[in-house]
Amino acid sequence: MLRVSLAVIVVSAALSMSHASDQTTVAPLTPAQSEFFEQKIRPVLVKHCYECHSAEAKGLNQLKAGLMLDSRQGLLVGGDSGAAVVPKKPEESLLLEALRYDTFKMPPKGKLPDAVIADFETWIKHGALDPRDGKGPVKTAGIDLVAGRTHWAYRPVLPVPPPAVKRADWALDSVDRYILQKLEARNLEPAADADKTTLIRRIYFDLIGLPPTLDQIDAFVNDSSPNAYPRIVDQLLASPQFGERWGRHWLDVVRYGESLTLRGFILPEAWRYRDYVIQSFNADRPYNQFLVEQVAGDLIPANPATDTLAEQQRRFVATTFLMLGNTNLEEQDKVQLRMDVVDEQLDVISKGFLAQTITCARCHDHKFDPIPTRDYYALAGILRNAKSLEHANVSKWLEFPLPVEPALNDLLKQHETAIAAVSEKIKLAREAIRGLASNGTGSAENFIVGPQSLPGVTVDDIQAKRVGEWKHSQFSKRYIGDGYLHDLDKDKGQKTLTFQPDQLKAGMYEVRLAYLSGSNRSPAVPVTVFSADGEKTITVNQQIDPPLEGRFISLGKYRFEQSGQGFVIVANEGTKGHVVADAVQFLPLDMVDTSANAPVLKKPGAASTPETLDKQRLLELAGLKKPGILSAAEILAKQRVVEIADLEKQLQALKASGPRRPMFMSVQEEKVIDDCPVHIRGTVHNLGEKVPRGFLQVASWSANPAFSSGQSGRMELGAWLADRQNPLTPRVMVNRIWHWLLGSGIVRTVDNFGTTGEAPSDPELLDHLAADFVSHEWSIKAVVRKIVLSRTYRLSSVASPDMERDDPENRLFGRSRRRRLDSECLLDSMLSVSGQIDFQAGGAGIRPGTDSDFSYEVLTTRRAVYWPVLRNSLPEILTAFDFPDPSMVGGQRNVSTVASQALFLMNSQFVRQQSQMTARRLLREPQLDLDGQIELAFRLVLGRLPSHSERVQSVKYVSIANLESEQQKLERWSRFVQALFGTLDFRYVD
């Protein structure tokens with residue numbers, strides 16, 4: 001028996017070692033996989049682990065636990081405790097266990113943020129894909145920029161004349177000659193031309209994102225003139241819907257979102273940037289100008305003689321581009337936060353405009369491309385000089401007033417003066433109460449209150465479940481209830497307080513922690529909120545006064561279920577200094593007013609208005625615990641409290657009734673302009689030498705300009721991006737245009753032109769288009785028109801057997817690519833077919849008064865581009881059909897085919913509603929017989945007539961409806977339309 005068991009162990013060990021060995025020689029990673037490792041995993045390992053777990057540490061006799069994490073093999077083989085990572089099994093991976101501080105606690109200096117741990121869990125779940133060669137880091141002599149410039153993407157754009165071809169009569173323009181040359185070299189015949197019904201549906205979706213109407217289809221099909229198609233193209237390019245379709249493409253690239261994942265914060269002015277993009281595409285604003293405005297529009301000096309107010313507003317709004325990142329505003333290391341924002345901005349600029357992964361060089365020279373770390377900090381230095389946040393416990397993005405017409409400006413000033421006058425009265429009344437407090441009466445913020453007197457549900461410290469020894473105190477006289485608790489600054493990591501409310505109704509609440517600040521308090525207290533959406537840990541600096549009413553700090557807005565397991569845990573793990581807890585308040589969102597700079601409580605009801613405040617409540621507000629005879633000072637305090645309540649009511653009414661000054665999100669030049677030092681291993685607190693501001697050397701064919709000491713350098717950055725000699729900018733954009741029109745780029749990795757991306761299938765065609773783009777003054781519409789008028793664009797998607805065999809991926813573009821419509825086109829098509837689509841353009845899409853994006857429901861029939869892009873609450877129809885992650889550069893969408901898409905089309909309330917409205921539309925055609933109604937349904941939904949078998953099956957299904965009641969008839973026709981919405985021909989365009 002022992003021998004059998006021993007044999008099993010030996011075999012298992014051998015298999016385990018074999019598995020580890022196999023994992024050290026994996027297939028090359030995809031660009032996305034490599035990018036995830038380089039941005040999310042390697043920097044953390046370098047910063048927090050290599051010091052004790054690397055070949056370098058081993059060479060210095062400092063290796064700990066025999067574990068080396070600087071190679072793929074080191075992770076898989078592990079150290080003294082076994083394998084550090086088991087691919088696809090995070091629960092068995094010791095590295096993740098250590099990061100979570102479960103059994104091991106690594107890094108020993110402090111637990112990493114939850115987001116970082118989540119990245120490692122995701123990485124392990126997907127196989128712990130690691131591009132490192134298993135040999136550890138190799139010291140290099142540096143990056144050879146001369147050799148780097150031989151890579152195709154960094155060479156100057158040198159167009160080659162269109163090649164000669166055998167079938168010159170087939171080519172309609174220069175694009176076709178490049179395509180035909182490749183096909184002829186392989187002895188392949190291009191596909192036939194697409195029929196007119198197919199072509200008009202294709203061009204409508206590609207240029208405006210909507211299906212053609214029946215009249216538009218008939219007019220084009222019946223027009224035999226040679227100018228019929230070019231005329232349609234020009235009409236669509238001039239349509240306002242062109243900007244809506246192509247603006248949405250750009251919003252993918254620039255990670256457009258209208259909220260932050262953190263606490264569901266709404267970005268109320270983000271929509272202005274969306275409208276700016278749509279208007280820019282409609283106006284065919286030169287692409288080089290478009291880029292400069294987004295990077296430095298606020299710095300472009302206004303010309304009073306030529307610039308209109310609208311042009312000045314446009315340039316200011318354009319720089320909202322820099323502010324759209326999904327930033328963690330709660331990061332307490334503000335130096336780290338500042339550089340994280342810069343890194344995110346540089347990431348979207350480098351991938352979106354240049355198709356380069358520059359941010360991989362934040363911690364070290366780029367592992368694959370000729371991008372040294374110095375280039376990263378030369379560029380980062382420019383963006384670092386542009387202030388993006390106002391720092392606080394929870395930092396805040398910056399908003400500024402837009403310039404407006406003089407008459408409106410005067411009206412706004414009058415309204416703001418009235419608001420300022422009332423605000424000043426409130427301030428003076430509060431100061432008066434504080435003066436009375438110095439005489440012993442207490443202030444509105446410095447008194448003891450009972451939990452029952454506070455709105456919402458308040459859990460006092462005496463109700464909290466304690467783990468460990470907590471000291472009860474009444475030293476500071478501004479607590480809630482009978483006192484407060486602190487941890488004695490002892491036994492760190494062994495004490496918690498759990499605040500769990502009783503009978504909390506389902507809904508959204510702002511959760512607030514009450515504590516008493518002091519210099520001996522901990523600057524980083526972990527407070528975890530458990531809600532219906534999961535758990536979230538917030539770090540609270542208790543050395544800073546609570547910002548709300550001098551008592552509370554907001555922990556965010558959360559959703560709780562009736563009788564659900566909602567609670568808050570205050571812990572002393574990893575803290576230095578006293579940890580204090582007084583109470584936790586669960587405040588319904590309808591009782592929170594965030595219109596002021598510092599959120600204040602709305603009056604919870606009539607019982608709390610100045611007119612109905614009873615004596616006991618006034619005494620509590622004035623600082624007295626028990627009713628009694630009032631002194632003169634106490635009477636004055638009482639009167640001031642009532643006065644403040646009345647003034648706050650006036651202030652709220654003023655803000656609600658008057659005009660609102662238009663605001664926009666943007667950056668602001670720092671007061672001190674400076675170059676950025678290299679951050680050794682990417683660590684903000686380990687600085688090396690300063691790097692002069694500059695650009696990507698390998699893509700620069702002229703010397704850096706002299707940077708101004710009074711500005712950030714964003715103007716110079718914009719000029720470099722828009723330089724005609726920049727080899728990347730025009731190539732990247734024309735490749736994107738080709739991708740959006742033909743379904744695949746000439747370079748298929750549209751966001752990565754580096755060595756880990758793909759090479760162009762036709763470099764000559766790419767450069768021809770790029771040169772033509774620049775020569776036509778960077779006109780996007782000119783490039784679009786050139787491509788869609790080519791014969792290549794107009795080909796059928798039906799390929800010959802030879803083409804299917806020799807070019808199965810259509811890399812030669814010898815046929816059209818059958819493409820699934822994206823989520824917005826599907827949504828807009830349903831609304832268009834049902835007759836419900838609302839073509840209102842521009843403006844805010846989020847309902848006024850929305851405080852959080854959690855569980856937000858879209859209630860509009862506008863085009864999808866105007867639906868709010870809320871990072872915590874994307875509509876299901878968008879996510880089901882591969883809407884891109886709005887926190888990432890998304891030049892190329894995934895195209896999945898999964899069962900959930902079919903289930904969505906079968907069960908979605910939105911789809912059922914549009915099916916019913918379309919059915920009503922069909923039944924409102926009394927002049928049509930059953931066959932005519934079926935034909936109309938097919939043409940409306942699919943853009944074509946039914947086949948014979950489709951007609952037979954359709955008649956068989958809907959003919960029964962004539963024998964049913966009107967309601968049953970409508971239901972049957974609705975299901976019939978819904979079946980058409982579920983077909984491949986609706987979801988795909990040929």
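Colleague: How much accessible surface does the chain have, and what share of it belongs to carbon and sulfur atoms?

Modeller: Please note that the model is predicted. The accessible surface of the chain is about 43,900 Å², and carbon and sulfur atoms hold 54% of that area. Of the 990 residues, 52% count as buried.

Colleague: How many cavities does a search of the whole structure find, and what lines the largest cavity?

Modeller: The largest cavity holds about 100 Å³ of space. Its lining comprises 14 residues, and Met323, Gly325, Thr327, Leu389 and Trp397 lie nearest the centre. By class, the lining has nine nonpolar residues, four polar and one charged. Helix H16 (residues 334–354) gives the most to this lining, namely three residues.

Colleague: How should I read salt bridges, and how many are there?

Modeller: Side chains of opposite charge can pair when their charged atoms come close. The count here comes to 56 salt bridges. In one of them, Asp298 meets Arg714 at 2.8 Å, N to O. This pair links distant parts of the chain, 416 residues apart: Asp298 lies in the loop between helix H14 and helix H15, and Arg714 in helix H21.

Colleague: Is Arg714 buried or exposed?

Modeller: Arg714 counts as buried, because its relative accessibility is 0%. For another salt bridge, consider Arg805 and Asp802, with closest N and O atoms 3.1 Å apart. Both lie in helix H25, three residues apart, about one turn of the helix. Arg805 is exposed at 55% relative accessible area, while Asp802 is partly exposed at 37%.

Definitions and conventions
Residues are numbered from 1 along each chain as its sequence is written. This is a predicted model: local features need pLDDT of at least 70, side-chain atom pairs count only at pLDDT 80 or more; totals for chains, interfaces and linings use all residues. Side-chain values use heavy atoms; hydrogens and water are left out. Buried means under 20% relative accessible area, exposed over 50%, partly exposed in between (1.4 Å probe, protein chains only). Accessible areas come from the Shrake-Rupley method with a 1.4 Å probe; for residues, only the protein chains shown count as cover. On a 1 Å grid over the protein atoms alone, a cavity is a set of points where a 1.4 Å probe fits but cannot get out, and a pocket is an open set with protein on both sides within 12 Å along at least five of seven lines; lining residues have an atom within 4 Å of a point. Grid points are joined across faces, edges and corners, and a volume is the space filled by probe spheres set on the points. Helices (H or I, at least four residues) and strands (E, at least two) are DSSP runs, numbered from the N terminus. Ala, Val, Leu, Ile, Met, Phe, Trp, Tyr, Cys and Pro count as nonpolar, Asp, Glu, Lys and Arg as charged, and the others, Gly among them, as polar. A salt bridge is a side-chain nitrogen of Lys or Arg within 4 Å of a carboxyl oxygen of Asp or Glu.
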